[in-house]
Amino acid sequence: MTAFPFDNSYARDLEGLWLKSLPSCVSDPQLIRFNNELADELGLALAEFDDQALANIFAGNELPATAQPLAMAYAGHQFGHFSPQLGDGRAILLGEVIDRNGMRRDIQLKGPGRTPFSRSGDGRAALGPVLREYIVSEFMHAAGIPATRALAAVLTGDEVYRETVKPGGVFTRVASSHIRVGTFQFFAARGDVDAVKRLANFTIARHYREAAHAERPYLALFEAALERQAQLIAKWTAIGFVHGVMNTDNMAVSGETIDFGPCAFIDHYDPDALFSSIDQNGRYAFSNQPLIAQWNLARLAETLVPLIDADQDAAVKLVTDVLETFPARFEAHRLAEMRKKLGLKSAKDGDRALIQQLLDMMQADTIDYTVAFRALADCLEPGGQDSAFSALFADKEKTDSWLQAWRRRIAVDGTDGASAKAIILAANPAYIPRNHRIEEAIRAAEDQGDLAPFHRLVDVLAKPFEDQPVNAAYQTPPLPEERVTKTFCGT
């Protein structure tokens, strides 16, 4: 049995959209963590491989026989400015597998050395970003948010040079594909309509098969991708996630969260929350994410216009009509997610106002977003244990008034307290990857060679909705001196 049963359709079907690229060997690969559960899901026969053999493979020192390593070409708008050629500068796609559910998945190394698209970069990754992506991507999966997955993390034994000297690492990422808005832009910018069409057909076959049967398949492709983005950004908003760098080359057309660089989770509720050290003007702040998603989708729409209709004006009208549905779609999905956070089963006209009032109260008192929503569950204990929730807010009268309105709204659904509490606990994680905890794990690993905080954090976040008394400290918001206000991309 082949350990890696690769079937590399991107390489086979899209010649000219990628360049061959081999990983560069590292001096002393050491396995940090391997995701056995995901490996089994992917159908990888790796049970007989020891840690050193896995480290050699996932550092790029040894290639599976069926691998066809390549770097994908793409362009992108970075902070609104178009770069016609970016591409995988520090990532190499090893190949694709068909998982046990019949779904095609990419396996990609991040940080394995220079590629034809590296420009002046070294193609390497520092250990910190490797650990950050492992932690956050696996949490997103556990929380039910579409995202790329972490298969392995490896120490290279080599140093990389960023703002200071850092230990190097390689991260192995699994995605339903790595096709980005920027992939379409790369070929559209060159006027290569044939390449855009081949890529669109490939994307339809891989992600949106129902579009193939539509009257206008490429318009249907765009609408399906738009719908998935509306769903995704709504989930980000509900959980308090800030991507940090929503460039068009960081938006996957599959609707998965991809490229965890300067990402973070809000502590206290703040619509203007911004953590990225490179986002000087707040373009990708928390509340801007749906606006930027629509802007990015407009860039995707531009690439598809020649495929939608021979009459350019007609094509622009068709795709614009779809694009303009994004705000309403996003808001519908956001309200659905927020209703669950309040334990509501149905949709009523006053729900938006009820939700916004709570958010306004949280913002006014700088209340921790995750703690406040989780505390609502205690209010539904027999007899109504409001003390933990009420204690968070300064204005007790306003808080009591809101709680009364909320209880009346639950009663409209005909839901008993136990059922509403179950909805709340299933929608509001007890544990999130708090920024100071991620930083704590990175500092311990990079400065002291201690990976125990990383492993413990990954283990805690694997069950984010479960109460874990032994790990209660991981629920606690940071002290003022522990707050992390800036995160870094790591490139």
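Modeller: Before we start, two strands count as paired if DSSP finds at least two bridges between them. And keep in mind that this is a predicted model.

Biologist: Fine. Which strand does E2 pair with, and over how many bridges?

Modeller: E2, residues 30–34, is joined to E9, residues 149–161, by 4 bridges, and the two run antiparallel.

Biologist: What stands opposite Leu-31 there?

Modeller: Val-154 of E9 does.

Biologist: And E9 and E10, parallel or antiparallel?

Modeller: Antiparallel, with 9 bridges between E9 and E10, the latter covering residues 165–175. Across that pairing, Tyr-161 sits opposite Val-165 of E10.

Biologist: How many residues lie between E9 and E10?

Modeller: There are 3, and the two strands form a hairpin.

Biologist: Switching to helices. At what angle do H16 and H17 cross?

Modeller: Roughly 145 degrees, with the axes coming within 7 Å. H16 is residues 435–448 and H17 is residues 452–461.

Biologist: Which residues make that contact?

Modeller: From H16 you have Arg-437, Ile-438, Ala-441 and Ala-444, and from H17 Pro-453, Phe-454 and Leu-457. By class, that contact of H16 with H17 has 6 nonpolar residues, 1 charged and no polar ones. Arg counts as charged, so Arg-437 is the charged residue in it.

Biologist: OK, holes. How many cavities of 30 Å³ or more turn up?

Modeller: The search of the whole structure finds 3.

Biologist: What lines the largest cavity?

Modeller: Its lining includes Gln-229, Leu-232, Trp-236, Met-246, Asn-250, Glu-256 and Asn-296. The lining divides into 6 nonpolar, 5 polar and 1 charged residues.

Biologist: Which helix gives the most to that lining?

Modeller: Helix H7, residues 217–239, with 3 residues.

Biologist: Last topic, aromatics. How many aromatic pairs are there in the whole structure?

Modeller: The search finds 19. One of them is Tyr-269 with Phe-286, at 6.4 Å centre to centre and 85 degrees between the planes.

Biologist: Why is that pair called edge-to-face?

Modeller: Because planes over 60 degrees apart count as edge-to-face, and here the angle is 85 degrees.

Biologist: Where in the chain are Tyr-269 and Phe-286?

Modeller: Both are in the loop between strand E12 (264–265) and helix H8 (289–308), 17 residues apart.

Conventions:
Residues are numbered from 1 along each chain as its sequence is written. This is a predicted model: local features need pLDDT of at least 70, side-chain atom pairs count only at pLDDT 80 or more; totals for chains, interfaces and linings use all residues. Side-chain values use heavy atoms; hydrogens and water are left out. Axes are lines fitted to C-alpha atoms, for helices over the stretch in contact, and angles run from 0 to 180 degrees between N-to-C directions. Contact means heavy atoms within 4.5 Å. On a 1 Å grid over the protein atoms alone, a cavity is a set of points where a 1.4 Å probe fits but cannot get out, and a pocket is an open set with protein on both sides within 12 Å along at least five of seven lines; lining residues have an atom within 4 Å of a point. Grid points are joined across faces, edges and corners, and a volume is the space filled by probe spheres set on the points. Rings of Phe, Tyr and Trp (its six-membered ring) pair if their centres lie within 6.5 Å; planes under 30 degrees apart count as stacked, over 60 as edge-to-face and the rest as tilted.
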